[in-house]
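Take a look at the structure below before reading on. This report goes through the chains one at a time and then turns to where they meet.

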Amino acid sequence: MKTALSTLEMRRATSVAEALEILRDEPRMPIAGATDVYVGLNFGTLPELRYLDIWALDELRTITVNEDVLVLGALATYTMMVASALVQERLPMMIEAARQVGGPQIQNRGTIGGNIANGSPAGDSLPVLAACDAVVVLQSAGAERRVKFTEFYTGYRKTVMRRDELVVAVEVPRVSGRQWFRKVGTRAAQAISKVVVAGVRGEGARIAVGSIAPTVIRLTATERALATGSLDEAMVALRGEVNPIDDIRSTADYRKRVTENLVRRFWTETA
Amino acid sequence: MTTAVGQSVSRKDGIGKATGATKYADDLHFPGMLFGRTIRSTIPCGRVKSIRMDFDTSGFTIVDYRDIPHRNVVALIDEDQPYLVETEVRHMAEAIVLLAHEDREKLLGANVVIEYEEAEPVFDPERSPHSFKDITIEKGDVEDALASAEIVVEGTYRTGHQEHVYIETNGVIAVPEHGGIALYGSLQCPFYAYKALRSVLGNDHPLRVIQTETGGGFGGKEEYPSMIAGHAALLAVKSGRPVKIIYDRVEDMVATTKRHPSIVRHRTGLTREGRLVAMDVDVILDGGAYSTLSAVVLSRGCIHAAGPYRCDNVKIFGRAMFTNTPPNGAFRGFGAPQTEFAMEVHMERIAEQLGMDSLTLREMNALRPGDMTATSQVLKQDASALECLQEAVRRTDYRRKREELKGTNRGIGLALFYHGAGFTGAGEQRLASKARLDLTATGARIMVASTEIGQGTRTMHAQIVSDALGVPYETIEVAQPDTSVVADSGPTVASRTCMVVGKILERCALEMKERLEGMTPAQYHAKHGAFSIVKEHIQPEWMRWDDDNYQGDAYATYAWGCDVAEVEIDRDTYEVRPVKVTAVQEFGRPIHPALAMGQIEGGTVQGLGYALLEHVVMKNGAMANPTLTNYTIPTTLDTPELDIVMLENHYDGGPFGAKGLGELPMDGPAPAVVNAIRHLGLDLRDIPAIPETLIACASL
Ligand SMILES: Cc1cc2nc3c(=O)[nH]c(=O)nc-3n(C[C@H](O)[C@H](O)[C@H](O)COP(=O)(O)OP(=O)(O)OC[C@H]3O[C@@H](n4cnc5c(N)ncnc54)[C@H](O)[C@@H]3O)c2cc1C
C-alpha cells in the first residue's frame, strides 16, 4: 500500500556540511536521485517518515582523478559517468554497466552513491566496484572514514554505514588488466539483473557477481584457482562458492549455470 | 470512388491525445466525490468466519454483500460470480468488503481484519474436479483414421497466463443521478456494464453507462469492468455521492483477468508423404474460479485448434477447468493463440518426424478455397493461407536461410494461422447489433456503442460513413458511447467492430444518402431538419451453424497470416533475442493503412512478449510478480525489425471488403518464435520461453 505522503516530512540541504549537521541531530533518510526511494514510497516499503534531500549538493557531483585514484562523487549520475573521459579511460566496465541501467531517464537521475547505499544485490555498478577493489568514502559531521567496498555490505541490504553518515564518494585505484562486464537482465532495458558479472584480468583474476547472493560477492576461490590452475578447476571452485536461490525473477539453477558460463566466457575473451 | 477509405486520414482522437487534453477516468472529478477501495481475500479457498473494521469508521461508507439491493451476481453467461463474497472464498483477491472515503490516505490506511476457515485449493487444471464447459467438434472417424494412418505423431504443448498491461488500469466513477446511477468508466463494452448494473441494482433506478476515453483494453476491459462498475455503484448508492475506484497496477494485475493458460495434446495421423488424415486434439484451459467468459474462449480456441489445415477426420475435445485462481478472461485472440500455438509447433514436430521440410508439409495441407474446416465450413474465395505462406517465404528467402543458419546461433521459424472475424456461429445473429447515424447541420454523427480504445474505432467508422455518404471525412462526428443515447452495436471485441458494425454503418450511410436526394447534409438539414437512420446487422443468408454439434459456418469469414521469426540465442545465458519478424497478413483490406499497420505491429510485439518474456509467476493462487518491473513486457529495445505486409482479398460482407484484424496478429508470433528456437536445436514446446525454461530444454 502506498505510503501516505501527508505523513512525510523532508528537508533540503544546501551543503555537505549542513547535511551532515542535520543528520547528526536527527536520523533522516537521504534522497539523491530518488529513483529507488520513489519505488519504496509507491509500494509503502519504507518505514522512514523523515527525509533529507541531498540532490543540490554539487560538491558531490564530480568525477576527478586524484593521485592516480579515480574519485566518483556520490551524486555522479550514470549519464555523467558515460560521458566522462576519465571513466572511459580508467573504468570502461563502469560505462558498460551505466549504459544498461534502466533507461535514459533513470540514468539521468540515478546516482552511484544511491546505487551503493541502496545496497540491492542486483545493483549493476556494485560488481564493478567490488572487482576493482574500490573504497567507499563516508562522512559524518566532523569525521571521515574509508571502507573497502568488499567490506561495505554486511548482509541483505545491510551496510556498515551509520545513520549519521553519507556516502560522499567512491574511490577506484588504477585498474591494471582487461576489464569485462556482462549483465543478464529480464529483458533488454528497464531490467533487474538476474546475474551480473564484472571481471578484471591482470596478474590474476578479480571477479565479482551480483544477484546471486544476499550481497554482491567476490569469487575468491575461483580467482585463486584461475591464478594457479586450469579453467576447469576454477569451475569446480566456482560451484563450491556460488549458492544462489529461486525468486520471482529466476531460479537457483539458472543463476548458477549462467554464472559458470559467464566466468568461462570472461576468461576466454580476456585471454 | 473512395476518398477516406484506404487513406491514413488523421485520427479523430489524435489531437486530444497528442496534446494531453484528453481526459481519462482518473482525470475526472465530480463534486462531493469519494474514493472507493476493495478489500480482498488473502486466501485462495475457504470461508469467511468474521470481518472486523479495525479503524475509526467515521466518514467511511462500508458495503458488504448485504447491501446489494438486487442480485449478488455479475451478469454474464453462467451467472456464478458474486460481486461480493458472502461466505465462500474461491480465489485470492476476491472482493469481500468495499470502503469509500473522501480522503484517499485515510481510505488506504483503513485496516479490515478478516478471519477465514481455509480449505484445500485446486491449482492444477488437470486435477480439477470441475469443468465449466466441454466442447466436442467431430468430423469423420478419427479413431479409425488414426488406426490406419501410416504415421502417428503425438505431442503436448503448454502456454502460460498473460497479463493485458493496458497502459490505463481499470477504473470507473459511479455518479448518483435522477435517483439512479451514471457510470463513467474505462471499458470496452458499455452495454455489458449496463446489464451487469441492472443485475446488481435492479430495475427501479435509471441507469446509463458512459465510456470514458480508454487507455487500452486488449480484452481486459471486456467483462471485468462489470465487476468494478458494480462495486462503485454500490458505494455510490449507499453514500449518495459520486464514487471513483481506480486500481493501481498491483491490484489490477493481482485481481483482474488474464489469458487462459492451456495444455493442448495432439495425436495426428499422416500418410508417409505428409498428408493429414486424422487429427485428435485435446484442449484444456485453466478457467480460474468462476466461469466468466471461459465457455466462449474455449469455443473459439477449439474451433481454431486444427489450424488452417484440411483433414477429413478431426476430433477436438475441449474443457475449461475450474481452479482456485482469479478468473481468466477475454484477451486478444480469445483462445486461438493458445490452440494455434500448439498446432503450429506440432506441425514442426511432425515434419521433423517425417524427415521432411515443414514448409512443404504446410503447403500440402493448407486450407484452400473450397476446402472444409474442422467444423465442415466450406471456405470461399476469400481464404488466403497459401498466398500468405508463399509471400512470407519469398520475402524472407526462407528456404535458403533455413539451410544457411543451421548450426549457428541464429534460427528461423514460421507459423501459419487464421482468425475468424466476429462472434462465433449464430452469435452475431443473436446479438442483432444496431447502429444509428444522425444527420447534423454540417454532416453526420455516428451513434454506436463501439468503443475507441486506442485501436482507431472512431476514425475507421468515420471513414466508412464518409465514403458511403459521399461527404468529407471531417464532417463526420462520432458520439462518445453513452448507453442512454447510442444504439447498442454490441461489444467491442472479437474483431467485429470494423467488419460487423462498420458494415451496418455503411448501410445506414447509403440509406441516408438516398434520403438526401442529391443535397448535401447542410442543405438538407437547413430545409428539413435532422433525421436518423437505424439499421440492424444482417447475417449472411448462406450461414448455417449447429451449436449442439459445433458444425457449420463458424465465422462469416477468416483473416489469414504467416509470420516468420528470426532469432538469435546466447548459448551462455540462453537469452533469445528476436532479430526480425516478417508478418504477412490478409484481412480483406485496410480501411486505414497506418492504423492497420499499428494493429499488426502492436499485436506482433504483444505476441513476442507472450512467447519470450511475459511470465506470470503464480504462488498460492495469486500472481507473485504483479509489477511492471517483474512482469516484463517488451520494451523498444526488445522489439526487432518488423516487416509488415498487408495482402488484400476482399470479403463482400464487410465494409469496402474489410474483414476483422484486431486479434489476428496475436496468433502467429509465439509459434513462429518457438519454431525458430527449435531450429536452433532445442526441443521447446512451452511458452513463455524464458531463459530459465530454455536452459532446461533437451537438445533435438
Ligand atoms: C525504472 C527503474 C529502473 C532501474 N534500473 C536499474 C538498473 O538497471 N540497475 C540498477 O542497478 N539499478 C536500477 N534502478 C535502481 C536505481 O535507479 C539505482 O539504484 C540508482 O543508482 C539509485 O540512485 P538514486 O540517486 O536515485 O538513489 P535514491 O533513490 O535517492 O536513494 C537510494 C538509497 O540510497 C540512499 N542514499 C542515496 N544517496 C546516498 C548518499 N550519498 N549517502 C548515503 N545514502 C544515500 C537513500 O537514502 C536510499 O536509501 C532502477 C530504478 C528504476 C525506478
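Predicted model: local features only at pLDDT ≥ 70, side-chain atom pairs only at ≥ 80, totals over all residues.

## Chain A

Eleven helices and 14 strands make up the secondary structure of chain A.

The C-alpha trace of chain A spans about 55 × 45 × 30 Å along its principal axes. Of its 271 residues, 45% are buried. Now take the contacts in chain A with a separation of 6 or more: 60% of them join residues 24 or more positions apart.

One helix pair in chain A deserves a look. Helix 10 (residues 231-241) of chain A packs against helix 11 (residues 252-269) of chain A at an angle of about 150°. Their axes lie 11 Å apart. The crossing of these two helices of chain A is right-handed. Which residues make the contact? Helix 10 of chain A supplies A:Leu231, A:Met235 and A:Leu238. Helix 11 of chain A supplies A:Thr259, A:Glu260, A:Val263, A:Arg264 and A:Trp267. By class, the contact of helix 10 with helix 11 of chain A has five nonpolar, one polar and two charged residues.

## Chain B

Chain B contains 19 helices and 27 strands. A compact globule of 700 residues would have a radius of gyration near 27 Å; chain B has 25 Å, which agrees. The table puts some values for the two chains side by side.

| Property | Chain A | Chain B |
|---|---|---|
| Span of C-alpha trace | about 55 × 45 × 30 Å | about 75 × 75 × 50 Å |
| Buried residues | 45% of 271 residues | 58% of 700 residues |

Chain B is divided into three parts: domain 1 (14-22 + 427-536), domain 2 (31-120 + 165-255) and domain 3 (262-424 + 550-694). The centres of domain 1 and domain 2 of chain B are 32 Å apart, taken over C-alpha atoms. Domain 1 of chain B gives 14 residues to their contact, and domain 2 of chain B gives 17 residues. On the domain 1 side of this contact in chain B, five residues are nonpolar, seven polar and two charged.

Next comes helix 18 (residues 669-679) of chain B. Is this helix of chain B largely enclosed or open? Eleven of its eleven residues are buried, so helix 18 of chain B is largely enclosed by the rest of the structure. Among the buried residues are B:Pro669, B:Val673, B:Asn675, B:Arg678 and B:His679. What do they pack against? The partners in chain B include helix 8 (336-354), helix 11 (398-404), strand 16 (410-420) and helix 16 (593-612). After helix 18 of chain B comes B:Gly681, with a positive phi near 100°.

## Where the chains meet

How many residues of each chain take part in the contact? Here 20 residues of chain B touch 22 residues of chain A. On the side of chain B, helix 2 (104-109) and helix 19 (691-694) are the elements that give two or more residues. Helix 2 of chain B gives the most, with three residues. The residues on this side of chain B divide into eight nonpolar, seven polar and five charged.

Terms used. Residues numbered from 1 in each chain as written. Chains lettered and ligands numbered in written order. Domains from an automatic or database assignment. Contact = placed C-beta atoms within 7 Å. Nonpolar A, V, L, I, M, F, W, Y, C, P; charged D, E, K, R; others polar. Helix = DSSP H or I, 4+ residues; strand = E, 2+ residues; numbered from the N terminus. Buried ≥ 20, exposed ≤ 12 C-beta atoms within 10 Å, placed from the backbone. Axes fitted to C-alpha atoms, helices over the stretch in contact; angles between N-to-C directions. Left-handed = near helix turned anticlockwise from the far one by under 90°. Rg over C-alpha atoms; globule rule 2.2 N^0.38 Å.
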